[in-house]
Amino acid sequence: MIWIDTLVQGILLGGLYALFAAGLSLMFGIMRLVNLAHGDLIVLAAYLLLVLVTMTGMHPFVAVLIAAPVMFAIGWGLQRVVLNRTLGKDILPPLLVTFGLSVVLQNALLEGFTADSRRIPAGPLETASLDLGVVTVGVMPLLTFLTAVGVIIGLNQIFYRTALGRAFRATSDDPVTASLMGINPGRVFAVATGLAMVVVTIAALYLGMRSNFDPSIGPARLIYAFEAVIIGGLGSLWGTLAGGVIIGVAQTFGAAINPEWQILAGHIAFVVVLLIRPRGLFPRAND
Amino acid sequence: MSILLQTIGLTAQYGDFRALFGVDIELNAGETVAIIGANGAGKSTLLRSITGVLVNAPEQVLHRGTPIGALPADQVMARGIAMVPEGRKLFPSLTVEENLLIGGQMRRVAGPWTLEAVYDLFPILRERRLNPGTALSGGQQQMVAIGRALMSNPEILLCDEISLGLAPVVIRDIYAAMPRIKASGASVIIVEQDIGQALRVADRVYCMMEGRVTLTGAAATISREAIHTAYFGDAA
């Protein structure tokens with residue numbers, strides 16, 4: 001029975017990793033832009049939520065409705081003013097610029113909020129649990145997983161059912177031909193990053209409610225996000241969810257064997273998947 | 001006849017390589033103009049300059065008298081100048097229908113061209129509408145590329161080498177659509193290496209060689225010898 005419990009907890013933990021990764025997957029899928037500041041942007045959004053919750057007393061689930069448009073605007077501006085200038089044949093400039101952004105964000109947050117670790121208070125939800133007979137699951141991990149599935153479904157709907165999604169895919173395929181269709185690639189990319197920052201805000205909501213955070217934890221979240229994206233196959237959103245779940249399950253099983261193995265087991269799972277399927281589980285046909 | 005589109009002393013450069021040396025062409029309302037010439041004559045560069053893929057001095061390209069030479073491609077397209085690019089350039093991530101829809105998504109003006117009208121023009125595309133655009137044969141892909149450009153109900157349609165790499169029978173099928181496209185009111189510039197097809201549909205012809213216009217005239221009266229000379233130079 002303990003193995004079923006470990007499996008379920010791992011799958012639910014995978015939901016959190018998938019949320020960390022979805023925004024990264026979105027940006028890479030559309031712009032081939034590897035955003036090294038992704039983890040720090042999650043932390044930035046977590047602080048934004050913390051400020052809203054502590055200043056106004058509103059519930060974090062309400063605060064996210066205010067933080068998400070703010071983060072959309074930040075993402076839109078960041079892409080329009082900074083990141084669009086780095087895109088091109090050379091993959092190095094976006095890496096360097098987002099690495100720089102990561103350092104700037106960490107130091108700015110350190111300056112503004114000190115190195116103390118913080119947590120977004122979520123009230124009784126933090127400890128609530130559900131007895132499902134065979135296993136007992138925390139309401140928060142369950143909500144995280146369901147939100148991750150919801151986010152992936154939502155992004156897929158945008159991608160494959162809307163004119164905006166069509167523009168995303170076309171611009172990703174060929175920005176020059178997309179511009180001949182009247183599409184401004186720079187603007188489409190700005191909307192994509194804005195959307196990625198909305199997902200980042202949702203990831204920050206669960207990160208902040210489930211665990212402590214401080215200005216320096218971004219890069220560690222980035223590694224889980226990277227691994228989930230790469231296991232899933234670059235640019236595949238469902239693959240990203242699968243990647244998150246694989247890391248989550250590997251970590252909980254590793255921890256069940258020996259608590260010291262938790263983090264290592266996740267990384268080993270990543271290497272094993274890459275050895276078997278170097279392009280990830282669900283690579284896009286035209287990559 | 002009013003001049004819709006005009007290039008005046010158009011120059012273009014790729015790094016150190018100069019591709020166009022002061023090209024003057026005109027497109028009148030309702031007209032079909034063919035631009036012919038050998039590989040490397042500058043035909044495609046001319047279209048890339050008009051569409052804004054290559055940026056020029058503003059006054060080198062005029063649309064209804066307004067300088068558009070420095071506008072980016074999306075703004076040129078918004079003025080009703082649509083392009084069928086060389087090599088089709090369908091979006092591999094999009095189905096046939098999505099490839100068509102994206103052509104009309106940013107410029108929504110009423111006109112004869114709708115999804116249904118394009119499917120009537122090329123009925124095979126209706127059957128293949130849910131296939132990925134790039135899973136089609138070359139000829140069918142070319143039909144999608146033409147339909148995609150028509151979906152914006154353009155005032156001016158630019159076609160770059162639409163016969164390239166296609167079998168003669170397929171080229172004939174595609175060119176069979178030209179009269180209906182003309183009848184819909186679009187003015188057309190066709191860039192072609194297939195002189196025969198170009199002359200059949202065009203009202204006027206420009207022949208280019210090494211970045212310059214070397215011959216111009218009415219398609220009905222221009223002589224094969226004159227084209228030959230303009231195409232290959234005097235030595236030929």
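The following exercises, each with a worked solution, concern a predicted model.

**Exercise 1. Confidence in chain A**

Determine which elements of chain A have the lowest and the highest mean pLDDT.

*Solution.* 
Step 1. Begin with the chain as a whole: chain A has a mean pLDDT of 94, and 99% of its residues reach 70 or more.
Step 2. Turn to the elements of chain A. Strand β1 (residues 129-131) of chain A has the lowest mean pLDDT, 91. Helix α3 (residues 60-82) of chain A has the highest, 98.

**Exercise 2. Two helices of chain A**

Describe how helix α1 (residues 2-31) and helix α9 (residues 218-232) of chain A cross, and state which residues meet.

*Solution.* 
Step 1. Find the angle. The two axes come within 8 Å and cross at roughly 70°.
Step 2. Classify the angle. Angles of 65 to 115 degrees count as roughly perpendicular, and therefore α1(A) and α9(A) are roughly perpendicular to each other.
Step 3. List the residues in contact. From α1(A) come Tyr17(A), Ala18(A), Phe20(A), Ala21(A), Leu24(A), Ser25(A) and Phe28(A). They meet Arg221(A), Tyr224(A), Ala225(A), Phe226(A), Ala228(A) and Val229(A) of α9(A).
Step 4. Sort these residues by class: eleven are nonpolar, one is polar and one is charged.

**Exercise 3. A sheet of four strands in chain B**

Trace the order of the open sheet of four strands in chain B and name its edge strands.

*Solution.* 
Step 1. Recall the general principle that strands of a sheet pair through backbone hydrogen bonds, either parallel or antiparallel.
Step 2. Read the order, which is β2-β1-β4-β5 in chain B, with antiparallel pairing.
Step 3. Find the edges: β2 (17-28) and β5 (66-67) of chain B each pair on one side only.
Step 4. Examine one pair. Strand β4 (residues 61-63) of chain B is antiparallel to β5(B), over two bridges. Here His63(B) stands opposite Thr66(B).

**Exercise 4. A sheet of six strands in chain B**

Describe the open sheet of six strands in chain B, with its pairing and the helices packed on it.

*Solution.* 
Step 1. The order is β6-β7-β8-β3-β9-β10 in chain B, and the pairing is mixed.
Step 2. At the edges stand β6 (81-84) and β10 (212-218) of chain B; each has a single partner strand, so one side of each lacks a neighbour in the sheet.
Step 3. The twist averages 15° from one strand to the next.
Step 4. For a parallel pair, take β7 (residues 156-160) and β8 (residues 187-192) of chain B, joined over five bridges. Leu158(B) has Ile189(B) in β8(B) as its bridge partner.
Step 5. Helix α6 (residues 138-150) of chain B touches β6 and β7 of chain B, and its direction makes about 175° with that of β6(B). Helix α10 (residues 224-232) of chain B touches β3 (32-37), β9 (204-209) and β10 of chain B.
Step 6. For an antiparallel pair, take β9(B) and β10(B), joined over six bridges. Val205(B) stands opposite Gly217(B). Their hairpin has two residues between the strands, and Glu210(B) takes a positive phi near 50°.

Conventions: Residues are numbered from 1 along each chain as its sequence is written. Chains are lettered from A and ligands numbered from 1 in the order in which they are written. This is a predicted model: local features need pLDDT of at least 70, side-chain atom pairs count only at pLDDT 80 or more; totals for chains, interfaces and linings use all residues. Two strands pair if DSSP finds at least two bridges between them. Axes are lines fitted to C-alpha atoms, for helices over the stretch in contact, and angles run from 0 to 180 degrees between N-to-C directions. Angles under 35 degrees count as roughly parallel, over 145 as roughly antiparallel, 65 to 115 as roughly perpendicular and the rest as oblique. Two residues are in contact if their C-beta atoms, placed from the backbone, lie within 7 Å. Ala, Val, Leu, Ile, Met, Phe, Trp, Tyr, Cys and Pro count as nonpolar, Asp, Glu, Lys and Arg as charged, and the others, Gly among them, as polar. pLDDT is the predictor's confidence in each residue, from 0 to 100.
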